[in-house]
Structure formats: C-alpha cells, structure tokens
Amino acid sequence: MTDKKFASQADLVVKKVSFDKLSDHAYAYTAEGDPNTGVVVGDDAVMVIDTQATPVMAQDVIRRIREVTDKPIRYVTLSHYHAVRVLGATGYKPEHVIASRDTYDLIVERGEADMKSEIERFPRLFQAVESVPGLTWPTIVFEKRMTLWMGKLRVEIMQLGRGHTKGDTVVWLPQERILFSGDLVEYDATPYTGDAYLTDWPATLDAIAALAPEKLVPGRGASLTTPAQVKKGLDGTRAFVTRMFGAVRDGARAGKDLRTVYKETYALLKPDFGHWVIFDHCLPFDVSRAYDEATQHKDPRIWTAARDKAMWEALEG
Ligand SMILES: [Zn+2]
C-alpha cells in the first residue's frame, strides 16, 4: 500500500525562477517545473500570458518585467481556465483579459469548483491566496483565432485544437517564430490530463509542429530555445499522452476496473516518466480522465474538492 499525501500537499520546496529573453519582444518566466508565465513586449504595451496563481505572486513577474521595459501591461491572455494560471490576473491591472470562447464557457461552468479544488491540491502554488479577489473574467472572448497588432508586432492568439482542455489557446509571434503553448506542451514536467481530450491531443501537437516554432515556452519546464529542443518538448509530451491513454484504453477494453488500470499504468510509465515533476500528483487524475474518455464520458467531468479526495482514496488509499 502506498501512503502518498494528497496531490501536492507534501510539495513545499520553493523553486528557482528564471526570466529568459527569447527575443526583443518575448520573455519567459519559468520556475523549475512550476507554472510558467509568458511575456510579450510590443511597441506600445506588454502582454502577459498566464498570470501565476495569485495577485501577490504576480508582483514577482511584474518586477522582472520592469527590469526590461516600462511599457504598460495592457493585456493578459489565458492559455486555459485553470486556477493556478489565471487567478493572479488582477495583480497586473490589465485593460483586457483575452480568452477563447471555450475557455470562457469553462470558467462559467466550472471555474468556482476548479478554484476550490486547485487550492487544496497545490497549497504552495497559491501563496497569499487571500489576495485572490475571485474568478478571473475575460473582457475579450474570441472564436478560434484573433490577431492583435502591438504596434508593428503581430500577435496571433489561436486555438489549434483540444488537448489539455477544450479551450487551449496558444500565442504565436509569426515574425519571430516564437510560441507560447500553455499546458499543451510540457518539458521535464508531467502533463496534467484531468480535464483533457486525449483522443484529440496528438493532432493538436501536430498543428503546433506545423507552425515550425524556433522557440517555445511550455506550460511547465524550461524555455525551449532551439528547434531541436522544441521537438524534444513536443515528442516528450506526445509520448506521455499517447502511452498513458493507450494503456488505460486497453485496460478499460479488457474490462479492468479503474484502480487496477491505475496501478498497471503507473508501473508502466514510472520508469520513463517518473522523474518528471508532479508525476505522482498527476497520474491519479490523468488515469481517471483517460478511463472516463475510454468508457462513457466524452467530456471531462468537473473536479470538486470532494471528488478529488474520493478519487485519491480510491486509487491511493
Ligand atoms: Zn492547466
């Protein structure tokens, strides 16, 4: 029997932050596998892509931005709805919060439940949680694709397909071939698939690869600064997603129950992926969603704090 503490409640080690310059217009705030924030510096304003979990945590991003530019932070773009990425938005005092229609719909449908669930899963990632004023509401909602000109800098904000969630949004700087992928791509970090569309995810990775990015900021993990590194990030994410879902689908088709499938999938993936951050945190959620998708739930079921704990007890207890 394992005795794993629920989700990431035992994860208390503070990570080291890097603020990488990818070009004159693009920066990445990364932290050894904690959620990343992207920064786009246009001619007249700044865009932040994913906000960190609280307005207090956003202040450290702002401090880094102010080391490279004094332009106003006018835009926040949400790569998807997850609390750990969006609840710091008010810290930037943006004029606009940009999200896809599908992300907006998810915030309406399950934002409140997700906020409560994520705060309990990752206490360390919600530093000064009392500074969160509530849900983050978009002020600009787009369908599939929008173009923003930040002066002469062209910024493409796009949904390339479903994967990590149904609302996944990437930010693409075509003039510089730099992509901010959100959690569609991870690097040395375990993909969380608890709200995913696993059947669709590989095709969405194909669409990212088709853009031929030269640099890519993943949702978690270090900035990828060469085409070879970008390929490694895409390949690693694809390998995890396809092997995990394949194993769960096979187990479900063979009539095995969720707990059995979880134990088998964990043992199968541990040797190749167990060193990626948050592996033990993600796997129970990942396998639960994969089992649902392979059986009777086309769309991800809403995680609540209570469902989180019941699932953890069933698989790890
Ligand atoms: Zn996410």
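Welcome: strand 1 and strand 2 (residues 26-31) run antiparallel to each other and are joined over 4 bridges. This is a predicted model, where local features need pLDDT of at least 70, side-chain atom pairs count only at pLDDT 80 or more, and totals for chains, interfaces and linings use all residues. Residues are numbered from 1 along each chain as its sequence is written, and side-chain values use heavy atoms, leaving out hydrogens and water.

**The sheet**

- Strands (E, at least two residues) and helices (H or I, at least four) are DSSP runs numbered from the N terminus, and two strands pair if DSSP finds at least two bridges between them.
- An open sheet holds 7 strands in the order 1-2-3-4-5-6-7, with mixed pairing.
- Strand 1 (18-21) and strand 7 (140-142) are at the edges with a single partner strand each, so one side of each has no neighbour in the sheet.
- Lys21 sits opposite Tyr27 in strand 2.

**The zinc site**

- His80 (NE2), His82 (ND1), His164 (NE2) and Asp183 (OD) coordinate the zinc ion at 2.1 to 2.5 Å; donors are N, O and S atoms within 2.8 Å of the metal (3.2 Å for Na, K and Ca), and because water is not among the atoms, sites may look incomplete.
- Along the chain, the donors of the zinc ion follow the spacing H-x1-H-x81-H-x18-D.
- His80, in the loop between strand 5 (73-77) and helix 2 (83-86), and His164, in the loop between strand 9 (153-158) and strand 10 (170-173), are 84 residues apart and link distant parts of the chain.
- Both His80 and His164 are buried (under 20% relative accessible area, with a 1.4 Å probe and protein chains only).

Key
Buried < 20%, exposed > 50% of the residue type's maximum accessible area, 1.4 Å probe, protein only.
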